[in-house]
Amino acid sequence: MPTRATKRGDERTPLQIDCDVLICGASFAGLTVARELATSPARPRVVVVDRYEIGERQTSACAVPLPWLALLGLTDAVLQRFDEIVAHSPDRTFSWALPEPFVTFDYRKLCRLLADQGDFVFETAKVEGLGRPSSVAGGPLTVLTDRGPIRAPLVVDALGWRRVLAPAGEDAIQPPEAFLSRGLEVHPEGRSDELALYLNPRYVPDGYSWSFPAGGEVRVGVGSFDPHHHVKDPTLRLVADLEREPHGFQGNWIPHKLRSSTGGGVFFVGDSAGHCLPLTAEGIRPAFHFGIALGRELRHVVEGRQTREQALRRYASASAQKDPAYRWLLRLQRLVGRVIPHRRTLDAALRLTSPPSVGRRAWGAYLHTLSASTWAASDPGPAPADAELAAPAEPVPTV
Ligand SMILES: Cc1cc2nc3c(=O)[nH]c(=O)nc-3n(C[C@H](O)[C@H](O)[C@H](O)COP(=O)(O)OP(=O)(O)OC[C@H]3O[C@@H](n4cnc5c(N)ncnc54)[C@H](O)[C@@H]3O)c2cc1C
């Protein structure tokens with residue numbers, strides 16, 4: 001169970017903590033890493049920091065394949081379940097049968113359930129960057145926050161696309177020039193049974209729009225693959241077309257290219273490593289997947305079975321192994337962006353993929369990229385073999 005030591009306003013006391021593992025960011029990726037560490041017999045001192053309370057700021061439509069929530073014991077957060085996706089072109093409606101159901105969930109509740117499986121101290125603090133490196137090789141890193149420094153030998157950046165702990169000079173490109181999509185949505189009250197996508201240049205010529213029901217609300221939004229394209233007016237247009245009210249705006253940049261998953265001794269996971277999948281902008285499943293992978297590497301370190309440097313190499317390699325799939329999806333994303341403005345080609349492509357057997361196969365291949373079944377065995381696995389440790393990590397492109 002996480003414990004909280006700080007509050008807001010006057011209660012925000014100065015921080016000066018030493019711990020074994022510092023996880024920056026308490027959303028999907030960070031909380032999954034913490035969960036993985038909780039059952040270690042080494043009982044590491046884990047600190048999780050976020051600028052907001054756990055579950056306070058939703059940044060997603062919160063749709064995910066159900067097997068991931070089953071794997072992580074999070075199904076109590078499910079609000080609605082879908083066995084197909086309905087795709088609307090400007091002129092026609094198609095549907096894709098799914099090989100496994102998607103669900104929408106309650107963000108706050110899911111974060112709570114995930115955090116309850118962790119064993120950490122939680123602090124609200126704004127992470128500002130890395131302090132001066134230790135003079136000892138492999139020594140602790142210092143993370144600077146608005147409440148003071150925190151020192152730990154193992155530091156995780158799960159802070160989202162901003163990648164706050166990136167080594168100085170890296171990733172100097174900022175939006176809208178960076179490899180980022182942009183997404184915005186509103187949460188009007190209402191009900192529907194359709195997990196719907198809109199491939200329609202009326203809203204966005206290079207991207208897609210969605211309407212995801214979640215119990216008593218519908219999450220309606222627009223995502224543009226081209227970060228120069230603003231999405232507020234298109235979101236308002238879509239909400240008006242759906243005859244709903246534009247309540248509760250939330251938006252963010254969404255990475256669509258893998259970035260280095262390690263750097264300066266820090267582990268990056270989730271959006272901070274560009275783990276969100278291109279084309280669909282599905283980032284929760286990757287945050288779970290790489291959160292587990294990273295948590296297991298860190299377990300080996302705290303249990304004395306490998307060094308931090310070995311964990312950095314192995315984790316970088318595990319992330320880079322998925323690079324071909326990410327590149328494929330990015331190519332598809334570019335293709336889809338080119339097809340959407342051409343109605344007849346778009347309808348032909350949707351018609352081709354809509355028979356249930358084709359749809360299931362196509363979505364099955366996509367979902368297989370990061371499958372919950374990879375982690376079905378709960379055992380974190382044996383200590384890494386020397387041969388594995390010696391394997392050089394594939395180079396990963398940076399933004
Ligand atoms: C509009 C929209 C809809 C989306 N819908 C879906 C969807 O339906 N399904 C899906 O799979 N993906 C969706 N995504 C993508 C998904 O939201 C992200 O990929 C996912 O949230 C990444 O998880 P994360 O844990 O890496 O980062 P985040 O969820 O972004 O979490 C980062 C955490 O770090 C904290 N933080 C950031 N900076 C600091 C700082 N300086 N100091 C302290 N704390 C900080 C934040 O408060 C936050 O808690 C959507 C994205 C958008 C923008």
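The model is predicted: local features need pLDDT of at least 70, side-chain atom pairs count only at pLDDT 80 or more, and totals for chains, interfaces and linings use all residues. Residues are numbered from 1 along each chain as its sequence is written.

The protein chain holds 10 helices and 19 strands. These are DSSP runs numbered from the N terminus, with helices (H or I) of at least four residues and strands (E) of at least two. The radius of gyration of the chain is 21 Å, close to the 21 Å from the globule rule for 399 residues, so the chain is as compact as a globular protein of that length. The radius is taken over C-alpha atoms, and the rule is 2.2 Å times the number of residues to the power 0.38. Along the principal axes, the C-alpha atoms fill a box of roughly 65 × 55 × 40 Å. Of the 399 residues, 46% are buried (20 or more other C-beta atoms within 10 Å of the residue's own, C-beta atoms being placed from the backbone). Among contacts with a separation of 6 or more, 73% join residues 24 or more positions apart. A contact requires C-beta atoms, placed from the backbone, within 7 Å.

Strand β3 covers residues 21-24. V21 and I23 point one way, L22 and C24 the other, and all are buried. In a regular strand the side chains alternate between the two faces of the sheet. β3 pairs with β4 in the parallel sense over four bridges; pairing requires at least two DSSP bridges between two strands. C24 stands opposite V49 in β4. The chain crosses from β3 through α1 to β4, and this β-α-β crossover is right-handed (with the strands pointing away from the viewer, the path from the first strand over the helix to the second runs clockwise). β3 also pairs with β12 (residues 154-157), in the parallel sense and over four bridges. There, V21 has L154 as its bridge partner.

β2 and β11 (residues 148-152) pair in the parallel sense over two bridges. I17 is the bridge partner of I150 in β11.

The ligand has 40 residues around it, of which S27, S60, G160, G270 and G283 come nearest. At least two shell residues come from each of α1 (28-38), β4 (46-50), β5 (63-65), β13 (180-186), β17 (250-255) and α5 (284-302). By class, the shell has 19 nonpolar, 12 polar and nine charged residues. Ala, Val, Leu, Ile, Met, Phe, Trp, Tyr, Cys and Pro count as nonpolar, Asp, Glu, Lys and Arg as charged, and the others, Gly among them, as polar.

Technical notes
A residue is near a molecule or strand if its C-beta atom, placed from the backbone, lies within 6 Å of it. A residue is buried if 20 or more other C-beta atoms lie within 10 Å of its own, exposed if 12 or fewer, and partly exposed in between; C-beta atoms are placed from the backbone. Two residues are in contact if their C-beta atoms, placed from the backbone, lie within 7 Å.
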